[in-house]
Amino acid sequence: MAHKETIGFIGLGIMGKPMALNLVKAGFSVIVHNRTPEVMDELVGAGAKAAHSAKEVAEQSDIIITMLPDSPQVEEVALGENGVTHGIKQGALFIDMSSISPNTSRKVQQELSAQGADVLDAPVSGGQVGAEGATLSIMVGGSEESFNRARPVFEAVGKNIVHIGGPGAGQVTKIANQIVVGLTIQAVSEALTLAKKSGVDPAKVREALLGGFAQSRILDLHGQRILDGNFKPGFRINLHRKDLRLALEMGHEAGVPLFATGVAANIMDAMIAQGDGDLDHSGMAKFYAEMSGTE
């Protein structure tokens, strides 16, 4: 039955476009909408239908997915003028796969639920590579029933799919993920910069560390990017900074000190101020190289 459901997909950016393409490839009938309409052409060429507004997407879809940059955009698309709320059908399922504030997530969930829709928050990890290869890790908040209904959709775009808990739980998990990723990139940047400044080959250091307790996916993939000086974005600094802002806000509300997260966020602030916000987050190493004169 799952493949019969029509899917609306709103937000065709670095992540959204390949995800929507993977849904088309999986045999779903997909209706797309994007703020800049020319991006929709490739999807239409692949077999999707284009819609002119979020409302129009909702009117024609059983399952509506949003993949947007931040909380205000999700709120606007879901609840704003010409938004999903004005077209959503009773019994439809709304899935937000953006990384946003758990509070915004719960607000959208409450308002759309009141209209008889089911809602999941399902942020992802794995970046552009994961989106293109349909290997994303998906962290889901919402009811078990909605999760089971969405599973075939998730399986078309991701690999590691975990139902975390109730509404907002997916967003909390994503924020935890972004803390670990950001701080690990910072640690790898510091370590490799220190090695280089000390006259030791950072490539050899990385190779040695990959065989020990410091081994991580970030040391492996981003460590290589750092060695190559290739900071072409898979996931931009300014988006990661947004996620760390959400983490710090959450920490403030919950009374949890996030000391190291604050430092990583400050480095990202400095990079954004210097015009490096569009670099990949592995570009934190560029900041260290500039500060230590090793670039």
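Modeller: In residues 6–165, 41% of the span is helix and 24% is strand, and its end C-alpha atoms lie 26 Å apart. Helices (H or I, at least four residues) and strands (E, at least two) are DSSP runs, numbered from the N terminus. This is a predicted model, in which local features need pLDDT of at least 70 and side-chain atom pairs count only at pLDDT 80 or more, whereas totals for chains, interfaces and linings use all residues. Residues are numbered from 1 along each chain as its sequence is written, and side-chain values use heavy atoms, with hydrogens and water left out.

Biologist: Which feature does UniProt place at residues 6–165, and which at residues 168–288?

Modeller: An unreviewed UniProt entry gives residues 6–165 as "domain: 6-phosphogluconate dehydrogenase NADP-binding". For residues 168–288, an unreviewed entry gives "domain: 3-hydroxyisobutyrate dehydrogenase-like NAD-binding". UniProt positions are in the numbering used here, feature names are shortened, and annotations may be inferred rather than shown by experiment. The span 168–288 is 73% helix and 0% strand, with its end C-alpha atoms 35 Å apart.

Biologist: How is a nonpolar core to be read, and which residues of the largest one touch the most other members?

Modeller: In soluble globular proteins, nonpolar side chains tend to be buried together. A nonpolar core is a set of buried Ala, Val, Leu, Ile, Met, Phe, Trp, Tyr and Cys residues joined through side-chain atoms within 4.5 Å. Buried means under 20% relative accessible area, exposed over 50%, and partly exposed in between (1.4 Å probe, protein chains only). The largest nonpolar core here has 35 residues, and those touching the most other members are Phe9, Met19, Leu23, Ile95, Met97, Ile138 and Phe154. Among the elements that give two or more residues to this core are strand E1 (7–10), helix H1 (16–25), strand E5 (93–96), strand E8 (136–141) and helix H7 (144–157). H7 contributes the most, with six residues.

Biologist: What is Ile138 in contact with, leaving aside its neighbours within four places in sequence?

Modeller: Contact means heavy atoms within 4.5 Å. The partners of Ile138 beyond those neighbours include Met97, Ala122, Phe154, Val157 and Ile161.

Biologist: How many of the residues of H1 are buried?

Modeller: H1 is largely enclosed by the rest of the structure, because eight of its 10 residues are buried. They are Gly16, Pro18, Met19, Ala20, Leu21, Asn22, Leu23 and Val24. After H1 comes Gly27, with a positive phi near 95°.

Biologist: Where do Asn82 and Ala134 lie?

Modeller: Asn82 sits in the loop between H4 and E5. Its phi is near 65°, a positive value in a residue other than glycine, and Asn82 counts as partly exposed because its relative accessibility is 46%. Ala134, also not a glycine, has a positive phi of about 55° and belongs to the loop between helix H6 (127–133) and E8. At 13% relative accessibility, Ala134 is buried.

Biologist: Is Ser101 buried or exposed?

Modeller: Ser101, in the loop between E5 and H5, is buried, with a relative accessible area of 12%. Not counting residues up to four places away in sequence, Ser101 touches Ser71 and Leu246.

Biologist: At what angle do helices H4 and H5 pack?

Modeller: Axes are lines fitted to C-alpha atoms, for helices over the stretch in contact, and angles run from 0 to 180 degrees between N-to-C directions. Angles under 35 degrees count as roughly parallel, over 145 as roughly antiparallel, 65 to 115 as roughly perpendicular and the rest as oblique. Helix H4 (residues 71–79) and helix H5 (residues 102–113) have axes 10 Å apart, at an angle of about 5°. H4 is therefore roughly parallel to H5. On the H4 side the contact is made by Ser71, Val74, Glu75, Ala78 and Leu79, and on the H5 side by Thr104, Lys107, Val108, Glu111 and Leu112.

Biologist: How is H9 placed against helix H10?

Modeller: H9 and helix H10 (residues 217–228) pack at about 175°, with axes 10 Å apart. H9 is therefore roughly antiparallel to H10. Pro202, Ala203, Arg206, Leu209 and Leu210 of H9 meet Leu219, Asp220, Gly223, Gln224 and Leu227 of H10.

Biologist: At what angle do the axes of H8 and H9 cross?

Modeller: The axes of helix H8 (residues 169–197) and helix H9 (residues 202–210) cross at roughly 135° and come within 9 Å. H8 is therefore oblique to H9. Leu192, Ala195 and Lys196 of H8 meet Pro202, Val205 and Arg206 of H9.
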